[in-house]
Amino acid sequence: MLSRVYPVRDGAGRVRRTVGLSVDITERRRAEQAARDRETSYRALLENASDAILLYDNQGQVLVANNRACALTGYTEAELRALRVSDLTAADDLITSPLTGGPRLIEHRLITRGGEELPVEISVSALEDGRVQAIVRDIRQRKDEERQRQKIAGQLQQARTLESVGRLAGGIAHDFNNMLAVILN
């Protein structure tokens with residue numbers, strides 16, 4: 001309950017009576033608490049995400065960055081908010097151009113504070129208010145696994161080739177041995 005009391009004065013300035021007004025603000029307090037709870041939940045989702053999340057305006061200015069974005073890039077949140085998306089990746093034309101038709105998924109390189117280029121997968125979506133959301137996934141492990149698979153596939157191909165050469169050589173040696181046996185007899 002919110003109450004206010006106002007004095008009513010006479011011509012000499014003396015208080016003759018008071019007028020009060022009371023308003024039930026229970027619903028407003030509940031709505032404010034619900035908004036705070038939602039904000040806390042959204043902040044927890046943002047900060048505990050395993051992917052980097054960036055929110056930026058249509059000019060590419062970073063507005064929000066989560067903890068994972070800071071860990072991945074090496075910048076603090078304040079430093080990230082001072083940057084543009086073009087400072088973090090050379091894909092600014094893909095990321096800041098008008099987005100239509102839903103989210104886009106691109107594979108590109110993220111530039112860290114130390115200048116290292118990390119392979120990342122970026123899901124970019126335009127929000128209704130004109131801002132852009134980017135969810136950035138570090139794909140270094142996936143790239144390493146792909147290279148390892150290619151290396152193993154190459155080794156397997158080489159082993160098959162050597163096996164084929166071995167069979168061929170074994171066949172030739174067997175035939176040569178048979179001819180030699182006939183000659184010797």
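Tutor: Happy to. Let's begin with Asp-10 and Arg-16, which form a salt bridge whose closest N and O atoms are 2.9 Å apart; the term means a side-chain nitrogen of Lys or Arg within 4 Å of a carboxyl oxygen of Asp or Glu. This is a predicted model, in which local features need pLDDT of at least 70 and side-chain atom pairs count only at pLDDT 80 or more, while totals for chains, interfaces and linings use all residues. Residues are numbered from 1 along each chain as its sequence is written, and side-chain values use heavy atoms, with hydrogens and water left out.

Asp-10 is partly exposed at 21% relative accessible area, whereas Arg-16 is exposed at 54% (buried is under 20%, exposed over 50%, partly exposed in between, with a 1.4 Å probe and protein chains only). Arg-14 joins Asp-10 and Arg-16 in a network of salt bridges.

Next, Arg-68 pairs with Asp-138 in a salt bridge, with 3.9 Å between the closest N and O atoms. This pair links distant parts of the chain, 70 residues apart: Arg-68 lies in helix 2 (residues 67-73) and Asp-138 in strand 7 (residues 132-138). Helices (H or I, at least four residues) and strands (E, at least two) are DSSP runs numbered from the N terminus. Both partners are partly exposed, Arg-68 at 27% and Asp-138 at 24%.

Finally, Glu-121 forms a salt bridge with Arg-142, the closest N and O atoms being 3.2 Å apart. Here strand 6 (residues 117-126) holds Glu-121 and helix 6 (residues 140-184) holds Arg-142. Glu-121 is buried at 16%, but Arg-142 is partly exposed at 30%.
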